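Reader: I am new to this structure and would like to learn how to read it. Please take one feature at a time.

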Amino acid sequence: MPGVSQTPGGGQTIDPAFAALAGRSLNLPSASNGECPLTTAELRSPTEPFTIGDGPVYTSGVGSSSLLNLNTRGDWLVGTLSWTADRSFAEKALVRGERIDEEGQMSFGLTRPTFNVPDRTAVELDPALELPRASDVAFAWSAEVFVKSAGCYALQIDGEDFTEVVVFRAEPGP
């Protein structure tokens with residue numbers, strides 16, 4: 001559940017920032033007639049991969065053609081996405097998404113060896129819990145994306161004062 005974290009005594013607390021973001025409606029585009037309204041991938045820095053989105057949080061892992069390559073894992077197709085943020089980014093953000101060209105599941109899992117099954121419907125981006133970065137990007141997070149079939153998918157990234165929607169295709173990789 002978004003916004004839930006463990007306390008030292010083993011109980012759960014709900015982070016009000018994530019709870020508020022999770023309460024927002026998803027406003028995703030539709031993909032009609034087989035057309036997937038892809039978000040254009042760009043190189044924002046020579047030291048970073050292609051990203052999609054207008055910021056302050058950018059999605060990467062989709063390459064120059066806005067395509068997420070998937071591998072089979074049990075009953076799921078799985079790929080890895082990452083998010084980076086501008087240096088000025090100082091708030092929490094929540095990533096949610098779904099397939100937009102037809103019905104289809106999308107779930108997320110942490111990219112750690114012990115988390116190899118989908119265990120969440122959203123990814124919490126918290127500057128206090130970012131991955132170490134050697135480049136000039138301020139923050140970075142990563143998660144595995146689990147889908148049941150190839151298709152057109154959209155993510156909505158909500159922050160306190162912004163909402164960003166990005167669209168990509170997900171297909172089995174080479």
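Author: Start with burial, where buried means under 20% relative accessible area, exposed means over 50%, and partly exposed lies in between (1.4 Å probe, protein chains only). V167 has a relative accessible area of 3%, so V167 is buried. This is a predicted model, in which local features need pLDDT of at least 70 and side-chain atom pairs count only at pLDDT 80 or more, while totals for chains, interfaces and linings use all residues. Residues are numbered from 1 along each chain as its sequence is written, and side-chain values use heavy atoms, with hydrogens and water left out.

Reader: In which strand does V167 lie?

Author: Helices (H or I, at least four residues) and strands (E, at least two) are DSSP runs, numbered from the N terminus. V167 belongs to strand β12, which covers residues 162-172.

Reader: Which residues is V167 in contact with, leaving aside its neighbours within four places in sequence?

Author: Contact means heavy atoms within 4.5 Å. With those neighbours left aside, the contacts of V167 include P29, L38, I52, I100 and C152. Take C152: 15 residues separate it from V167 in sequence, and the C-alpha to C-alpha distance is 7.2 Å.

Reader: How many salt bridges does the structure hold?

Author: Side chains of opposite charge can pair when their charged atoms come close. A salt bridge here is a side-chain nitrogen of Lys or Arg within 4 Å of a carboxyl oxygen of Asp or Glu. The structure holds 9 of them. One of these joins the side chains of K92 and D126, at 3.8 Å from N to O. That pair links distant parts of the chain, 34 residues apart: K92 is in the loop between β6 (76-85) and β7 (93-99), and D126 is in the loop between β9 (123-125) and β10 (139-147).

Reader: Are K92 and D126 buried or exposed?

Author: K92 has 23% relative accessibility, so K92 counts as partly exposed. D126 has a relative accessible area of 11% and is buried.

Reader: Please give one more pair.

Author: R99 and D101 form a salt bridge through their side chains, at 2.5 Å from N to O. R99 is buried, at 9% relative accessibility, whereas D101 is partly exposed, at 27%. Shared partners also matter when reading salt bridges: D15, K92 and D126 are joined into one network in this way.
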